[in-house]
Amino acid sequence: MEDKPILHVSQVGINFGGLKAVDGFNLKLYPGELIGLIGPNGAGKTTVFNLLTGVYTPTEGEIMLNGERINGLAPFKVTRKGISRTFQNVRLFNEQSVLDNVKVAYHSLARHSIISSIFRLRNHFIGEQEMEAKAIDLLKIFQLDKVKDEKAKNLPYGGQRRLEIARALAAGPELLLLDEPAAGMNPQETNDLMELISFIREQFNLTILLIEHDMKLVMGICERISVLDHGLLIAEGTPDEVRNHPKVIEAYLGEEVISNHA
Amino acid sequence: MLKKVNTFWLAIILAFVFYGVIQLLISTAIINPFYSNTLIFICINIILAVSLHLVIGITGQFSIGHAGFLALGAYISAIMTMELGMPFSLALVAGGIVAALAGLVVGIPSLRLRGDYLAIATLGFAEIIRIIFLNIDYVGGAAGMQVTHATTWTTSFLCLLLTIVVIVNFTNSRHGRACISIRENEIAADAMGINTTYYKVTAFVIGSFFAGIAGGLYAHNFYIIQPVNFGFLKSFDILIFVVLGGLGSLSGAVISAILLTVVSTFLQELPETRMIIYSLVLVMVMLYRPQGLMGTREITDYFGKWKWKRIKGGNQYGG
């Protein structure tokens, strides 16, 4: 780990009124890593994602992406700098086709202007054809190319989850944030998802930060894990270290259990 | 792609054939002035409906001040022809540009608002425009402004064709898809790198531009324009075209604009019951087609129905 970190979060916190949702959060992500972020319900995991992607502006601390300060940037600017995400409750463009969902994410990589589209100039056709070809290639990886003309809302749940990841990849990220990608999936689907995540990580040279409740998935593929509770970072380390960390056991199972075991 | 280009030109050619037939019927007086005037009025209403469709149906921004832009286009173009002696075509363009600029000025602050708040802001803007014209003596105040009759079937048809081509081409491009994604889920659109404010304002400006053009046609079709013609009831008339046709469907907006214009034109013979019957038509349609006449479909979807079915039939989800 001699590289420079791709993402460096230091002492980040946010208050909602009097409530400190996240406080003094630190995280270093090195290129190519796959890190898990876990914690009980309401620990502030999704808030961390919203801070990283610009949905919320941190009230304290600093978020550096490749050495550049990104806190306070609008979400679409953060995405263009290379952070892309999925959502805890799927947020697809329901009435648009599967293909169009992915094309929307390619939007900021295309260059043809409004004028060239309105007057159907050459640039429009070249740009649109490029987008279409790229989108179909991506859908093939996710085995969604056969349903590319279907409306996104008509996909089965697992398909919608995969489409959301495909769409996040289309935005061209270096760092991918996955918010509970296995939520609501059965064990078979979860296994497929683990393989898929490992595959896209190699294929697209990604660094991945993952929020997940499914411990099997987190312990199975993450190299390091950070644990949040009540907005505070309580533990950090390899899956084994985290699993046996007293504070983690306390956060998940309660104090009583510890004293009984001790 | 080649096939798409061909269908595009086919549609243009068909449109001009339709134009030629009507023009022939008008010049041989088979269609009398009453009906040709109705046709012009239909064109104007379609332009208004389609331009508002871009804002509400495509981008999902609930704006109900469209009559304000109509008024701006009408008064600016009337001033150009009557006071400054400019040709009609130039006046039309000027009306459109001024309306577009107003759209930009109004859109940048108000499109930060959502839902009800945006509706109230745009409605307020339309009333401000109307009251400004009501209090300027240069344009006749409440008595209105006299305008020569210059709108013909040819000019209104060309403006209509331009509106539809521009808005269809805009919608079927990466820019239109960005607008639809804002309608579908603004947070996700933002997270996918779409500059949502930019596209909301752009759609609003394009919509305002064509409303301004429609205003120019409107002003030069009626001999007189008065501020009272551009009240909030006019905004609601345009809104009804879009909602009745089906939010998100351009052909729906066109069809309902034609239908309602014809209905209200023929009901002029029954002045006592006119508004009752008109309202009944609206209530009936909303009861039996709450999603609007066309839903979110386009007319072209029905042409390709066999193809759609085949895709449906061979539907397989991988993995």
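Domain bounds here come from an automatic or database domain assignment. For chain A, that assignment gives domain 1 (7-82 + 173-261) and domain 2 (94-156). The centres of domain 1 and domain 2 of chain A, taken over C-alpha atoms, are separated by 30 Å.

This is a predicted model: local features need pLDDT of at least 70, side-chain atom pairs count only at pLDDT 80 or more, and totals for chains, interfaces and linings use all residues. Residues are numbered from 1 along each chain as its sequence is written, while chains are lettered from A and ligands numbered from 1 in the order in which they are written.

Start with the sheet in chain A. Six strands form an open sheet with mixed pairing, in the order β6-β7-β8-β3-β9-β10. Strands are DSSP runs of E with at least two residues, helices are runs of H or I with at least four, and both are numbered from the N terminus. Two strands pair if DSSP finds at least two bridges between them. The edges are β6 (83-85) and β10 (232-237) of chain A, each pairing on one side only. On average, neighbouring strands of this sheet are turned by 20 degrees against each other, direction ignored. Strand β9 (residues 224-229) of chain A runs antiparallel to β10(A), and five bridges join them. Within β10(A), A:Ala235 is the bridge partner of A:Val227.

Two helices of chain A pack on this sheet. Helix α1 (residues 45-52) touches β3 (34-38), β6, β7 (175-179), β8 (207-211) and β9 of chain A. Its direction makes about 150 degrees with that of β7(A). Helix α10 (residues 246-253) touches β9 and β10 of chain A, at about 125 degrees to the direction of β10(A). Axes are lines fitted to C-alpha atoms, for helices over the stretch in contact, and angles run from 0 to 180 degrees between N-to-C directions.

Now the two chains together. Their contact takes 38 residues from chain A and 30 residues from chain B. Residues are in contact if their C-beta atoms, placed from the backbone, lie within 7 Å. On the chain B side, α6 (153-171), α7 (174-184) and α8 (186-191) each supply at least two residues. Helix α7(B) gives the most, with seven residues.

Chain B also has contacts of its own. Leaving aside neighbours within four places in sequence, B:Ile47 is in contact with B:Cys159, B:Leu160, B:Thr163, B:Phe210, B:Ile213 and B:Ala214.
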